Amino acid sequence: MTVTISCLGEAATAVLTTAAPLEKVRLTHSYAAAWRDGLLSPDVPAPPPDRPARPDRPELKLPRDMPKRGRGGSAQNRIALLHALAHIELNAIDLAWDIVARFAHLGLPEGFTDDWVQVADDEARHFRMLETRLNALGSSYGDLPAHDGLWQAATETAHDLAARLALVPMVLEARGLDVTPETVRRLRDFGDAESADLLQTIHDEEIGHVAAGRRWFVHLCAERGAEPVALWQELVGRHFRGGLKRPFNVTSRQLAGFGPEYYEPITPEIDRKPETR
């Protein structure tokens, strides 16, 4: 049965309440195209669900209970890596739709919605790319356990858009920029150029996601009369329990407009390593 979706809030809820990953991807692409074509109204008649639907597989575990992932170049280790990244991208689809719907009442410019619908569309494509690569390696999403801590940042920041932007794009996605170059290098060393190219594409597009987060964070700061760097540091200190970690991919962060004045002053000096370039 086909359900007619007429507004953005209905589209976001439809994606968030869909458990099957590939159907979540399909709906995201469909609704993103409908939004770009002007076929959805910006109305959000009801808040989104507190937690998105999830498939029966993978088994979700606490981060501390997850098996350690090997760093070697075996097919098993590469599958585990790609599976973990696919899980992140699946959660990222939901995070993007949640931010569109949960904070619609703030009356931000339409460009805000444009940006986060595009992010959702990108994340859906990233998941599909990773699932296709897993299939080529004889696996699929759901074959391995995954950790259930990724929605914690959404729950922690559901009350405040500035906090959501500070944590999700400007900490979690920025961390992806930091670690991906080394992962790409290792995959090339292992002879897996296809997986390396895939991760490089994701990295390059995630720069735009971090940039969108910083742009709208600065916009909110202007509305509130707050200094962006100081407020970001305050919100990270209050809501992010993991602590910032080196090394930083300074080049990619700078491309996103996210300079070291934000993160360097609140990053511990211990175990300082050369920054990623």
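## Helix α4 and the residue that follows

Helix α4, residues 110-136, contains 27 residues and spans 39 Å from its first C-alpha to its last, close to the 39 Å expected at 1.5 Å a residue. The expected span is 1.5 Å times one less than the number of residues in the helix. Helices are DSSP runs (H or I, at least four residues), numbered from the N terminus. After α4 comes G138, with a positive phi near 85°.

## Basis of the model

The model is predicted: local features require pLDDT of at least 70, side-chain atom pairs count only at pLDDT 80 or more, and totals for chains, interfaces and linings use all residues. Residues are numbered from 1 along each chain as its sequence is written, and side-chain values use heavy atoms, with hydrogens and water left out.

Two packed helices are described by the angle between their axes and the distance between the axes. Here, axes are lines fitted to C-alpha atoms, for helices over the stretch in contact, and angles run from 0 to 180 degrees between N-to-C directions.

Helix α1 (residues 8-16) and helix α2 (residues 21-36) cross at roughly 165°, their axes coming within 9 Å. That angle makes α1 roughly antiparallel to α2 (the term applies to angles over 145 degrees). The crossing is left-handed, meaning that the near helix is turned anticlockwise from the far one by less than a right angle. In contact (heavy atoms within 4.5 Å) are L8, A11, A14, V15 and L16 of α1 with K24, L27, T28, Y31 and W35 of α2. This contact comprises 8 nonpolar, 1 polar and 1 charged residues. Ala, Val, Leu, Ile, Met, Phe, Trp, Tyr, Cys and Pro count as nonpolar, Asp, Glu, Lys and Arg as charged, and the others, Gly among them, as polar.

From α3, R78, L81, L95, D98, I99 and R102 meet L161, R164, L165, V168, T183 and L187 of α6. The classes represented in this contact are 7 nonpolar, 1 polar and 4 charged residues.

Helix α6 (residues 161-189) also crosses helix α7 (residues 193-224), at roughly 160°, with axes that come within 8 Å. α6 and α7 are therefore roughly antiparallel to each other, and their crossing is left-handed. The contact of α6 with α7 holds 19 nonpolar, 7 polar and 6 charged residues.

Key:
Helices (H or I, at least four residues) and strands (E, at least two) are DSSP runs, numbered from the N terminus. Angles under 35 degrees count as roughly parallel, over 145 as roughly antiparallel, 65 to 115 as roughly perpendicular and the rest as oblique.
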